Amino acid sequence: MGELKGALIGCGFFALNQMLAWQDVANVRIVALCDTDPERLRSMGERFGIERRYLGADELFAAGGFDFVDIATTVRSHRALVEMAASHRIPAICQKPFAETLGDAKAMVAAMRDAGVPLMIHENFRWQTPIQTVRRILDEGAIGTPFWGRFSFRSAFDVFSGQPYLAEGERFIIEDLGIHTLDIARFILGDVTHLTARTKRVNPSIRGEDVATILLDHEGGATSIVDVSYASRLSTEPFPETLIELDGTVGSLRLTQGYRLEVHNASGTRHIDASPRLLPWASRPWHNIQESVLAIQEHWADCLAAGRETSTSGADNLKTFALVEGAYASARTGERIPVETLL
Ligand code: NAD
Ligand code: 89Y
């Protein structure tokens, strides 16, 4: 496989993880950077020794010389940047959340499909070691067919110091974090037909909701609960762990704090350490997320080289993003939302 050249747009808080991970992806080299903020652009360029730097994405695309673009900006710019990639027929990775609205997300998928180039949403949580381990245990049939699940992310970690915009938006936890938890629920129990949601704001210094409880009906017949909170003060801070409970026809599975996985069935009880690796450039407690960034970027490079569709393609991620939109609609109206009406 020849070397793939990439360009990164957005040199902010999270992009650093993406740049560090790209260094570990075989046959990929980031050759150009873009950020509207000159200081962030300079700092990322100097840290990674990248000379080609652009203050505007239009100049970056006009200059060309790369095989894909990695969009690591916040949501407001996603549609314009993906459409720019489509108009230059450049494959693109776009960070979550996909877009500001489901209508925008659909337009982005259509633009990339019409251009004949792949779009992957950087929905990395399903790539975390503990989540992949749960998927593997299910595929082995260890608990039979799951009929009930809980996907829980409860924390009081200060995410606002690194990402101050999270305190400012009208929407917070479902759009920012619940989006990952909903994607994990889909990854583990399959697509969703209906949902009901309730939200709260506990922290008075932010604008959006910081607690959400979502009830999901899955196509295969399972019922699950996605519960997320950034207002939960616990004796041991679990950030950024997603805890999972699954009951199946022949057994059960519990992923508890500390990445401990217990699988129980008629043959007995297995205890599995589902901890992520601490990569040399990673730091606790973010290492779980950081390892998944490397995994999803490796997946992108493999799929791009082989011409395969990625696990979290734009088309796939519309189904996760519809759950986000549906959850806000249900919380607003109190109603149960049929997901097909959104897609
Ligand atoms: P940030 O504000 O720190 O960085 C965004 C950068 O993009 C800024 O430097 C800004 O100047 C630049 N930018 C904005 N619009 C631009 C444009 N049109 N052209 C070029 N540059 C532009 O934000 P962040 O915290 O790094 O978050 C970025 C994205 O990453 C968000 O969508 C966030 O939800 C996501 N994120 C994902 C994860 C994950 O695990 N997948 C974790 C954290 C953040
Ligand atoms: O932005 C969020 C994400 O995607 O993962 C954790 C986070 O950084 C804060 O909630």
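In helix 6 (residues 129-139), the buried residues are Pro130, Ile131, Thr133, Val134 and Ile137, where a residue is buried if 20 or more other C-beta atoms lie within 10 Å of its own, exposed if 12 or fewer, and partly exposed in between, the C-beta atoms being placed from the backbone. Viewed down the axis of helix 6, these buried residues fall within an arc of 160°, so they line one face of the helix; the arc is that of the directions from the helix axis to the C-beta atoms. The face turned away from the buried side of helix 6 carries the exposed residues Arg136 and Asp139. Helix 7, strand 11 (243-248), strand 12 (251-256), strand 13 (260-265) and strand 14 (268-273) are included in what covers the buried residues of helix 6, and just after this helix Gly141 takes a positive phi of about 85°. Helices (H or I, at least four residues) and strands (E, at least two) are DSSP runs, numbered from the N terminus.

The model is predicted: local features need pLDDT of at least 70 and side-chain atom pairs count only at pLDDT 80 or more, whereas totals for chains, interfaces and linings use all residues. Residues are numbered from 1 along each chain as its sequence is written, while chains are lettered from A and ligands numbered from 1 in the order in which they are written.

The secondary structure of the protein comprises nine helices and 15 strands. Its radius of gyration is 20 Å, close to the 20 Å that the globule rule gives for 343 residues, so the protein is as compact as a globular protein of that length; the radius is taken over C-alpha atoms, and the rule is 2.2 Å times the number of residues to the power 0.38. Taken along the principal axes, the C-alpha atoms of the protein fill a box of roughly 60 × 45 × 40 Å, and 44% of the 343 residues are buried. Of the contacts between residues at least 6 apart in sequence, 69% join residues at least 24 apart, two residues being in contact if their C-beta atoms, placed from the backbone, lie within 7 Å.

Helix 5 (residues 102-115) has 14 residues, which at 1.5 Å a residue should span 20 Å, and its end C-alpha atoms are 20 Å apart, which agrees; the expected span is 1.5 Å times one less than the number of residues. In helix 5, Ala105, Met108, Val109, Ala111 and Met112 are buried, and, seen down the axis, the buried residues of helix 5 fall within an arc of 160°, so they line one face of the helix. Gly103 and Asp114 are exposed on the face of helix 5 turned away from its buried side. Helix 4 (78-87), strand 5 (92-95), strand 6 (119-122) and helix 9 (314-333) are the elements against which the buried residues of helix 5 pack. Helix 5 is followed by Gly116, whose phi is positive, near 75°.

Two ligands are present, and a residue is taken as near a molecule if its C-beta atom, placed from the backbone, lies within 6 Å of it. Ligand 1 has 25 residues around it, of which Gly10, Gly12, Phe13, Phe14 and Ser77 come nearest; by class, this shell has 10 nonpolar, 10 polar and five charged residues. Ala, Val, Leu, Ile, Met, Phe, Trp, Tyr, Cys and Pro count as nonpolar, Asp, Glu, Lys and Arg as charged, and the others, Gly among them, as polar. Gly12 is placed in the loop between strand 1 (4-9) and helix 1 (15-22) and is partly exposed, with 17 other C-beta atoms within 10 Å. When residues up to four places away in sequence are not counted, Gly12 touches Arg40 and Ala72. Ligand 2 is surrounded by Val159, Gln163, Asp176, Leu177, His180, Pro240 and Ile289, a shell that divides into four nonpolar, two polar and one charged residue, and whose largest share, three residues, comes from helix 7 (residues 173-189).

Most residues other than glycine have a negative phi, and most peptide bonds are trans. The peptide bond from Lys96 to Pro97 is cis, with omega near -15°, and Pro97 lies in the loop between strand 5 and helix 5. The bond from Arg284 to Pro285 is also cis, with omega near 5°, Pro285 being found in the loop between strand 14 and helix 8 (287-306).
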